[in-house]
Amino acid sequence: MGARGDGRDPVGGRAARVGPRRPGGLCGGVAVFAAVAAVFTLTLPPSVPGGDSGELITAAHELGVAHPPGYPLFTLVAKLAITLFPFGSVAYRVNLLCGLFGAVAASLLFFTVFRLSGSCAGGILAAGMFSFSRLTWQWSTAAEVFSLNNLFVGLLMALTVHFEEAATAKERSKMLFILITVKIAKIGAFCCGLSVCNQHTIVLYILCIIPWILFRLLQEKELSLGFLLKLGLHFSAGLLPYFYLPVSCYLNQARWTWGDQTTLLGFLTHFLREEYGTFSLAKSEVGSSMSKILLSQVMNMRTQLSFNIQALAVWANICLARKDRKNPSLVWLFTGMFCIYSLFFAWRANLDISKPLFMGVVERFWIQSNAVVAVLAGIGLAALVSESNRVLNTSGLQCLEWLSATLFITYQIYSNFSICDQRTNYVIDKFAKNLLASMPHDAIILLRGDLPGNSLRYMHYCEGLRPDISLVDQEMMTYEWYLPKMAKHLPGVNFPGNRWNPVEGILPSGMVTFNLYHFLEINKQKETFVCIGIHEGDPTWKKNYSLWPWGSCDKLVPSEIVFNPKEWIQLTRNIYNWTEEYGRFDPSSWESVANEEMWQARMKTPFFIFNLAETASVPSNVKAQLYTHAYNLYKEIVYLQKEHPVNWHKNYAIASERMLRLPERGADPEVLLSETIRHFHLYTQKAQDDPQRADISVALKHLRKELQSLRNMKNV
């Protein structure tokens with residue numbers, strides 16, 4: 001089915017029964033590694049990316065345990081990179097490591113296609129189209145586990161091909177066949193176990209490859225109980241990095257870690273991701289339908305790899321079915337891996353992909369299936385040239401094979417370079433630094449969510465910023481392992497118990513629970529902030545505290561302190577130094593989330609003051625002052641930038657309308673009414689999905705009539 005890279009006669013059925021070794025594979029693999037590594041290194045982000053990167057880097061830096069399932073292999077190798085690489089920030093070193101993982105994955109995909117088809121061009125097509133797709137490129141240059149997972153996907157496919165090659169050795173030497181297959185099977189079993197120490201989605205590929213290998217051994221009458229036990233031991237040896245989890249937890253030296261793995265139950269809870277939901281992406285989330293996710297995957301694959309690559313992958317299977325029906329084929333194995341993975345993931349991906357951020361989470365897991373499609377496409381290109389050579393009775397189409405591979409990859413790089421070039425991306429870095437810089441000395445920050453939590457942890461623990469501040473995770477405080485493990489690393493914070501729970505008492509385990517109110521009371525000597533938002537399950541803080549806006553965060557202020565709008569406006573007016581343009585990032589990216597938070601932070605103080613005027617029981621003159629402060633602030637920020645969040649128009653329009661109704665408004669009624677109409681109109685144009693849009697349109701008609709009446713009265 002494949003074609004030889006040197007232009008000689010095509011070899012029929014090559015993908016089904018891999019033949020003798022061909023020269024050029026090692027040199028080609030090294031060349032692919034060097035090329036991909038050069039591009040990835042050139043486009044690396046210089047600091048911490050968004051998502052889980054901050055937490056993964058911090059866990060490696062501190063030798064702690066990352067979020068479930070722990071990622072012990074990534075943590076240990078990342079720690080090695082942090083120690084050995086002598087340049088760049090801590091985040092840059094781990095980003096570089098992941099870029100190198102991605103380059104190794106590309107070379108392994110090249111090797112897989114080359115050994116199956118004999119085509120260098122097909123191997124380069126597979127490696128290039130996969131590596132330089134937007135998803136792979138973005139997640140291979142960020143400190144994430146996906147590039148290491150890609151490496152293992154390529155490694156397992158390459159080892160499977162290498163194992164299949166041993167079948168031809170049996171014809172030359174029975175002893176050589178046994179030595180090669182036994183060696184490859186043991187290495188493969190070890191690598192299968194090792195791959196599970198990173199990302200568990202690869203288990204779906206392992207469950208396809210292992211039966212295939214055992215079936216091939218059974219065919220050759222080389223399978224025995226003793227050999228199965230040896231394979232099991234090698235697989236178990238690959239899982240040894242998981243011993244790092246209980247060791248790290250027992251030593252308890254890391255200032256940031258996750259879970260208690262010193263007990264078997266705690267280890268299994270972490271390993272099986274029970275806190276997230278085993279075999280699910282998230283806990284207690286309602287996701288999109290299976291059919292919608294599968295359709296989105298196909299459409300996403302078309303965007304990432306192109307329709308031509310999809311067609312070549314299908315052609316690889318068609319060619320095999322036509323030419324080699326009787327023999328087992330690795331092409332069918334790889335196709336089966338793709339189908340099983342896609343179906344299982346679509347079934348268990350319980351996130352609503354209509355939300356851009358959740359779509360960004362889900363699409364990262366399609367990288368694993370894209371790798372298989374890229375390999376099939378490389379084989380398909382070789383098969384297409386081989387078939388064309390046979391039909392035309394020529395061997396001169398290899399130049400077209402090279403030309404097509406070159407054009408595909410060049411266009412892929414051209415299309416994705418601008419969005420994947422992260423050399424100047426400091427967005428998450430600046431987000432975290434702005435939040436930390438805004439805090440008073442010796443403050444407590446109650447963290448909530450991945451964006452502030454992971455980025456602030458990285459800056460605080462890895463870069464050593466603001467050592468006076470104490471970072472406490474709201475969600476983690478509800479877990480029984482958090483405070484027994486972490487309290488000693490937070491010496492400036494007092495905890496009135498062992499676990500945060502709105503219902504105070506003593507649990508059957510002997511743990512003493514406390515609510516947020518008592519936590520604040522016992523830490524009254526410190527200023528406490530929540531970033532971003534406060535846990536909804538515990539309203540006890542409302543007994544004696546209020547939330548006042550502090551940029552993207554909020555400050556918990558004792559109720560006896562009287563709010564002074566002028567002082568607070570002055571205090572929070574220039575709390576951040578944020579210069580990123582609004583709307584410049586992909587909505588599914590963490591940069592977009594950080595940018596949105598920073599822009600909306602400018603609106604929080606006027607919104608708070610306006611809401612105070614709406615709800616507080618205060619004299620009419622005080623209410624009028626609050627409305628005036630809110631109106632002036634809204635006006636200032638709305639006209640400060642041409643592009644800004646669409647809800648600003650609505651908020652400013654409402655504030656203008658409230659000013660219009662004040663007896664002593666201090667502004668021209670016609671101006672206020674015109675501003676109300678103008679900004680309500682702009683809002684209805686831009687916010688097409690607001691359920692109140694129809695009501696606002698009706699109100700606009702009345703406001704226009706009111707404006708016309710006002711102007712008529714002026715004329716009279």
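Helices (H or I, at least four residues) and strands (E, at least two) are DSSP runs, numbered from the N terminus. The model is predicted: local features need pLDDT of at least 70, side-chain atom pairs count only at pLDDT 80 or more, and totals for chains, interfaces and linings use all residues. Residues are numbered from 1 along each chain as its sequence is written, and side-chain values use heavy atoms, with hydrogens and water left out.

View A. Tyr71 lies in the loop between helix 2 and helix 3. Its phi is near 45°, a positive value in a residue other than glycine. Tyr71 is buried, with a relative accessible area of 10% (buried means under 20%, exposed over 50%, partly exposed in between, with a 1.4 Å probe and protein chains only). Pro69 is found in the loop between helix 2 and helix 3 (72-84), and the peptide bond from Pro68 to Pro69 is cis, with omega near 10°.

**View B. Packing of helix 1 and helix 4.** The axes of helix 1 (residues 25-42) and helix 4 (residues 90-117) come within 8 Å and cross at roughly 150°. Axes are lines fitted to C-alpha atoms, for helices over the stretch in contact, and angles run from 0 to 180 degrees between N-to-C directions. Helix 1 and helix 4 are therefore roughly antiparallel to each other (angles over 145 degrees; under 35 count as roughly parallel, 65 to 115 as roughly perpendicular and the rest as oblique). Residues making the contact (heavy atoms within 4.5 Å) include Gly28, Val32 and Phe40 of helix 1 and Leu96, Gly99 and Phe110 of helix 4. By class, this contact of helix 1 with helix 4 has 13 nonpolar, 7 polar and no charged residues (Ala, Val, Leu, Ile, Met, Phe, Trp, Tyr, Cys and Pro count as nonpolar, Asp, Glu, Lys and Arg as charged, and the others, Gly among them, as polar).

**View C. Packing of helix 2 and helix 20.** Helix 2 (residues 53-62) and helix 20 (residues 450-462) have axes that come within 8 Å and cross at roughly 30°. The two, helix 2 and helix 20, are therefore roughly parallel to each other. Among the residues in contact are Glu55 and His61 of helix 2 and Arg457 and Tyr461 of helix 20. The contact of helix 2 with helix 20 divides into 4 nonpolar, 4 polar and 3 charged residues.

**View D. The loop with Ile532.** A cis peptide bond joins Cys531 and Ile532, with omega about -10°. Ile532 lies in the loop between strand 6 (528-531) and strand 7 (545-550).
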